[in-house]
Amino acid sequence: VIDTHCHLYLEKFTDDIDEVLDRAEEAGVTDICMPAITFDSLEQMEALPTHNVNLHDMVGLHPCDVEEVPDHLESTLQRYAQQERFVAIGETGLDYYWSTDHVEAQKQSLHIHCEVAKAVDKPIVLHNRDSTQDVLDIIDQHQDGSLTGVWHCFNGSVEEGKRAIDLGLHLGIGGILTFKNAGVDKTVAELPLNVMILETDAPYLAPSPNRGKRNEPSFVQYTAQKLAEVKGKDISVIKQQTSKQARQLFNLI
Ligand SMILES: [Zn+2]
């Protein structure tokens, strides 16, 4: 199984990174994809130990870290993005939950990420909080048939999910699927499995029964289990299919 969205390089994992990776391996995790938050994330990723679990790096600037668009964002992103090391561009997107003070800068940054993703032919990883319409409108503007990507931590409505799929996006299914009363299970039940990939967003958003704790890649099994229930399939089918889709999207060997 593949955890397609995990911030394994953050300080919360520094003390027990080897145990975290061992538990991931025991839980059947073969690959972990790591979206960047800032350009500092890239060095932190490099400092991680090698392990049987394959780690994949991504490059981007999180919308919550965009107060103004940095000088040379496009050229810096482009320089990194074309390196083989990076499997995707992100995370980027819009976040109106924490603040709407920097909406224009966030949008400009998202536009730049879309341009770079298309230029290097790699998928984009989208963060979206209270900003679905604007995120999808911007993807729509850039979609010429060549843009691929994922709406990470999907929590939209059925209509929004369908629009995202029509725009060529995958849906990243995370711990919120297991939360009682979140309603994501009902939405996900009505959307096609063949565009879904699994993620943790660790250290955040731990799935039930570990809700509120530090999240980690091994917990992806709980989200896989819930998705199996929602889709009426065996968990092995869910793991296999979502992994295959993640490998195709991020071009993992
Ligand atoms: Zn994230």
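Reply: We begin with a term needed for what follows: strands are DSSP runs of E of at least two residues, numbered from the N terminus. By that rule, Glu-91 is found in strand E4. Please keep in mind that the model is predicted.

Me: In which order do the eight strands form the sheet, and is the pairing parallel or antiparallel?

Reply: In general, strands of a sheet pair through backbone hydrogen bonds, either parallel or antiparallel. Here the pairing is parallel, and the eight strands form an open sheet in the order E1-E2-E3-E4-E5-E6-E7-E8. Strand E1 (2-3) and strand E8 (196-198) are the edge strands, each of which pairs on one side only.

Me: How many bridges join E1 to strand E2, and which residue stands opposite Asp-3?

Reply: E1 and strand E2 (residues 31-34) run parallel and are joined by two bridges. Opposite Asp-3 stands Ile-32 in E2. Elsewhere in the sheet, five bridges pair E4 and E5 in the parallel sense. There, Gly-93 has His-127 in E5 as its bridge partner.

Me: Why is E5 described as largely enclosed?

Reply: Burial is judged by relative accessible area, and a residue under 20% is buried. Five of the six residues of E5 are buried, so the strand is largely enclosed by the rest of the structure.

Me: Which strands does helix H9 lie across, and which does helix H6 touch?

Reply: Helix H9 (residues 235-250) lies across E1, E2, strand E3 (54-59), strand E4 (86-95), strand E5 (124-129), E6, E7 and E8, and runs at about 100° to E8. Helix H6 (residues 158-166) packs on the sheet and touches strand E6 (149-151) and strand E7 (169-173). The direction of H6 makes about 130° with that of E7.

Me: Let us turn to the metal. Which residues coordinate the zinc ion?

Reply: The zinc ion is coordinated by His-5 (NE2), His-7 (NE2), Glu-91 (OE) and Asp-201 (OD), at 2.1 to 2.7 Å. Along the chain these donors follow the spacing H-x1-H-x83-E-x109-D. Both His-5 and His-7 are buried.

Me: Why is the arrangement around the zinc ion irregular?

Reply: For four donors to count as tetrahedral, all angles must lie between 85 and 135 degrees. The four donor atoms around the zinc ion subtend angles of 86 to 175°, which makes the arrangement irregular.

Me: How many disulfides does a search of the whole structure find?

Reply: A disulfide is a covalent bond between the sulfur atoms of two cysteines. The search of the whole structure finds zero disulfides. Cys-33 is in none, and the nearest cysteine sulfur, that of Cys-6, is 9.6 Å away. For Cys-114, the closest cysteine sulfur is in Cys-64 at 17 Å, too far for a bond. Cys-33 counts as buried, with 0% relative accessibility, and Cys-114 also counts as buried at 0%.

Me: What is the peptide bond from Gly-90 to Glu-91, and what joins Ser-208 and Pro-209?

Reply: Here the backbone angle omega is the quantity to read. The peptide bond from Gly-90 to Glu-91 is cis, with omega near 10°; Glu-91 is also one of the residues that coordinate the zinc ion. Ser-208 and Pro-209 are joined by a cis peptide bond with omega of about 10°. Pro-209 has its place in the loop between E8 and helix H8 (220-231).

Me: Where is Asp-130 placed, and is Asp-130 buried or exposed?

Reply: Asp-130 lies in the loop between E5 and helix H5 (132-142). Although not a glycine, Asp-130 has a positive phi of about 60°. At 54% relative accessibility, Asp-130 counts as exposed. Leu-205 also has a positive phi, of about 55°, although not a glycine. Leu-205 is in the loop between E8 and H8, and is partly exposed with a relative accessible area of 31%.

Me: Finally, which residues does Asp-16 touch, not counting residues up to four places away in sequence?

Reply: With those neighbours left out, Asp-16 touches Arg-23 and Arg-214. Asp-16 sits in the loop between E1 and helix H1 (17-26) and is buried, with a relative accessible area of 19%. Asp-16 and Thr-4 are 12 residues apart along the chain, and their C-alpha atoms are separated by 21 Å.

Technical notes:
Residues numbered from 1 in each chain as written. Predicted model: local features only at pLDDT ≥ 70, side-chain atom pairs only at ≥ 80, totals over all residues. Heavy atoms only, no water. Disulfide = S-S within 2.5 Å. Buried < 20%, exposed > 50% of the residue type's maximum accessible area, 1.4 Å probe, protein only. Donors = N, O, S within 2.8 Å, 3.2 Å for Na, K, Ca; no water. Tetrahedral: all angles 85-135°; square planar, octahedral: opposite > 155°, others 65-115°. Pairing = 2+ DSSP bridges. Helix = DSSP H or I, 4+ residues; strand = E, 2+ residues; numbered from the N terminus. Contact = heavy atoms within 4.5 Å. Axes fitted to C-alpha atoms, helices over the stretch in contact; angles between N-to-C directions.
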